[in-house]
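Please look over the model shown here before reading on. My comments come after it.

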Amino acid sequence: MSASFERLIDGIIDALQSHVVPNSRDDFVRGQVFSAIYALNGLKLGADWKVAPLLEQVHLQDETFAAVRRLAGSLTYPEIPATPRTQGDMPDVATIEALRDDGDRRLGQLLLWASGEGARAVNGDVATEIEHLLRRAICDQLKIELATTPKSMLQQIAGGERDGGAAPG
Amino acid sequence: MLEAAKRSDDVRDVVPEPARPVVVNDDAVRTALAQHLSRISGSRTEIVSYGRKSSGFSWITYAFVARSAEGDRKLILRVGPPNGLFAPYSVLPQVYALQALHGSDVPVPALVSSEQDGAEIGFPFFICAHVEGDVPAPWAASELDPDHKRAIARQFVEILASLHRIDPGATPFASLQQGEQRAELRAISGWRASLARPTARYYPLLDWGGRWLHDNCPQLPRRTIVHGDYRIGNFIEHERKITAILDWELTHLGDPHEDLAWAMMPTFNARSRKLYGVLERAEVIDLYQRASGIAVSDKSLAFYEAYALYQAAAIQMCAVRAFEVDRFNDMRLAVMASQMPSIVRAFERALEAAA
């Protein structure tokens, strides 16, 4: 959801303290909120984002880099990192996230290159094939993120209503 | 919304910026509002039944009754907060809209007063008449009966056609046209710059798609007034009639396809491909063409459907940035980040259709 796990927890705690606690007159409800804040502080100390979905994205990016390198052959293309980028000991979440973000930037540069005039002029067919490969791969990466996205609550979040419907004008 | 902020830069060139408080205090606004209305009416005015109506990210809305010797008037105050998501704000697009469209076939609330420099209140604001009725929620599957919704949806399209029929050259909107560059391209450049800010997460498809939009922006059939946020949820309906179109802060001159594409986004129609969940796309286009006299181009509409998603993505990223970087502790902003993968995927598909 959020780029920073710790920042998200801080935001939740602040929202509860600033908006929920002052508007709760019921002692039991306030006890529940303070318990939730305590639990969130515990999560901040001992938890982080799941590693697996981030690592899956990095692996997918690596496969894409390798495929682009194969297809591009002798074409001059933006720099591609050596793959695989993760080996041996499992890196921490922040490192994997940084690799994923760096991979996204490099995929973007490759996509701009493949769909640009320069690559098309040298070998239009290969450039188009690389463009389609990149678009598919980036969409597949988004699917991994979607798998960790909860069902939308936009209606409740936007309107603050349990059931939605027409709001008074 | 960003456009509104950008345009307000132009306003700042000519209006000196007074020292202002940094947070909108409801009680202080109420006191200042009474002073303002007393001054402009020349009659002591008391503010009663006063309260915030919304807790949005942008303009703050208050409903109140202005009580004076002449009687009670139900009014609405809208204030551009200095810490809003797209601050600093310009009041001008909304003021132009309420002034220029008053008495036209596009129903708008009557403008009572406005101040770009904030006057007594200290922030850009305008006051308009209260309009009786309900605002439908765009995200909810409404419980209204389909016939009711069809009647409203048809009016919604006909009013849009009326807006696009207006000659903008004869209105204050003409002054919104600036410089040599096409306004559509300037807007795309603005969103690209916003997405390119170094602290925002980088999405390769948005970078590539932004360039595609800029390089493939279609010529417009006619330069019209564009509402900029024309959708279910931005109007008031009362007894099966749309009585006011709201939220003119993004109004600009441009391609009429932009409003049509925005209005038909499934996000604003309870995830339905039908307008308000009842009007088929072909029916919307047919009705719009007949009412506006503007031929709808499939290619332009597809372009602006992709552009709508691009704008939506950029707006979400502004919200994410406000939470992550500016540490604006509103959890709704944090939640917006979770919408990005689905919006970017939808954008990619829309680009494929537009290409």
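The points below cover the basis of the model, then chain B and chain A.

1. This is a predicted model: local features need pLDDT of at least 70, side-chain atom pairs count only at pLDDT 80 or more, and totals for chains, interfaces and linings use all residues. Residues are numbered from 1 along each chain as its sequence is written, while chains are lettered from A and ligands numbered from 1 in the order in which they are written.

2. Chain B holds an open sheet of five strands, in the order β1-β2-β3-β5-β4 and with antiparallel pairing. Strands are DSSP runs of E of at least two residues, helices runs of H or I of at least four, numbered from the N terminus; two strands pair if DSSP finds at least two bridges between them. At the edges are β1 (46-52) and β4 (111-115) of chain B, each pairing on one side only. Neighbouring strands of this sheet are turned by 20° against each other on average, direction ignored.

3. β4(B) and β5 (residues 125-129) of chain B run antiparallel and are joined by four bridges. B:E115 has B:F125 of β5(B) as its bridge partner.

4. Helix α2 (residues 26-41) of chain B lies across β1, β2 (60-68), β3 (71-79) and β4 of chain B, at about 140° to β1(B). Axes are lines fitted to C-alpha atoms, for helices over the stretch in contact, and angles run from 0 to 180 degrees between N-to-C directions. Helix α3 (residues 92-101) of chain B packs on the sheet and touches β4 and β5 of chain B.

5. Chain A has six helices and one strand, in the sequence pattern α-α-α-α-α-α-β.

Notes:
Contact = placed C-beta atoms within 7 Å.
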